[in-house]
Amino acid sequence: MQGVSPTSTGVAFLARPGRPAVVTSTLAELTGPTRGIVELPVRLMWNAERTFDLADPDDLLWMYENVLRETTRADDLRELVNGHLLRQVWCLLNLPRGVREAWEHRHDELRAA
């Protein structure tokens, strides 16, 4: 698992209690799909409705929120999230504070988005 390095206070950014937020080193490595239907694995979405149509803006946001919040593997991020789309929708995503802070700490361009 690749989590964000602890801050100067020694506290990692958490996706939820006991689970560090996972962030990739660069947005360029996020090469997930930009269109089509995506089905998330059960480990990321426990609901029976795990398919998302990326042409539907609400589906895209819901999928990204789930992946960014639930993943424990950077490979999930690389395969399911697209860096260009992430920049476009960043300010619209409803994320836990620790996840948002982890991504913005690592990627200044998201903070400005």
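Student: Why is R16 called partly exposed?

Tutor: R16 has a relative accessibility of 30%. Buried means under 20% relative accessible area, exposed over 50%, and partly exposed in between, with a 1.4 Å probe and protein chains only. The value of 30% therefore makes R16 partly exposed. The model is a predicted one, in which local features need pLDDT of at least 70 and side-chain atom pairs count only at pLDDT 80 or more, while totals for chains, interfaces and linings use all residues. Residues are numbered from 1 along each chain as its sequence is written, and side-chain values use heavy atoms, with hydrogens and water left out.

Student: Where does R16 lie, and what does R16 touch beyond four places in sequence?

Tutor: R16 lies in strand 1. Helices (H or I, at least four residues) and strands (E, at least two) are DSSP runs, numbered from the N terminus. Not counting residues up to four places away in sequence, R16 touches W46 and E70; contact means heavy atoms within 4.5 Å.

Student: What makes the pair of E70 and R16 a polar contact?

Tutor: The two side chains come to 2.6 Å. A polar contact is a pair of N or O atoms within 3.5 Å; within protein, one must be able to donate a hydrogen and the other to accept it, and residues adjacent in sequence count only if both atoms are side-chain atoms. The pair of E70 and R16 is listed as such a contact.

Student: Is E70 buried or exposed?

Tutor: E70 has 5% relative accessibility, so E70 counts as buried. E70 is found in helix 1, and its contacts beyond four places in sequence are R16, R19, L44 and W46.

Student: Why is N66 called buried?

Tutor: The relative accessible area of N66 is 3%, therefore N66 is buried. N66 is also found in helix 1 and touches L40, L44, M45 and T71, leaving out residues up to four places away in sequence.

Student: What makes helix 1 mostly covered?

Tutor: Of its 14 residues, 10 are buried. Among them are L60, L61, M63 and Y64.

Student: How do you know that the length of helix 1 agrees with its number of residues?

Tutor: The expected span is 1.5 Å times one less than the number of residues. For the 14 residues of helix 1 the span should be 20 Å, and the end C-alpha atoms are 20 Å apart, so the two agree.

Student: Which residues have the most contacts inside the largest nonpolar core?

Tutor: They are M63, Y64, L68, L86, L93 and W103, in a core of 33 residues. Helix 1 (57-70), helix 2 (74-80), helix 3 (83-89) and helix 4 (97-106) each supply at least two residues of this core, and helix 1 gives the most, with 6 residues. A nonpolar core is a set of buried Ala, Val, Leu, Ile, Met, Phe, Trp, Tyr and Cys residues joined through side-chain atoms within 4.5 Å.

Student: What does M63 touch beyond four places in sequence?

Tutor: M63 touches V38, L40, F52, L54 and L80.

Student: How do you know that R100 lies over the face of W90?

Tutor: R100 is at 4.8 Å from the ring centre. A charge sits over a ring if NZ of Lys or CZ of Arg is within 6 Å of the ring centre and within 35 degrees of the ring normal. R100 is listed as lying over the face of W90.
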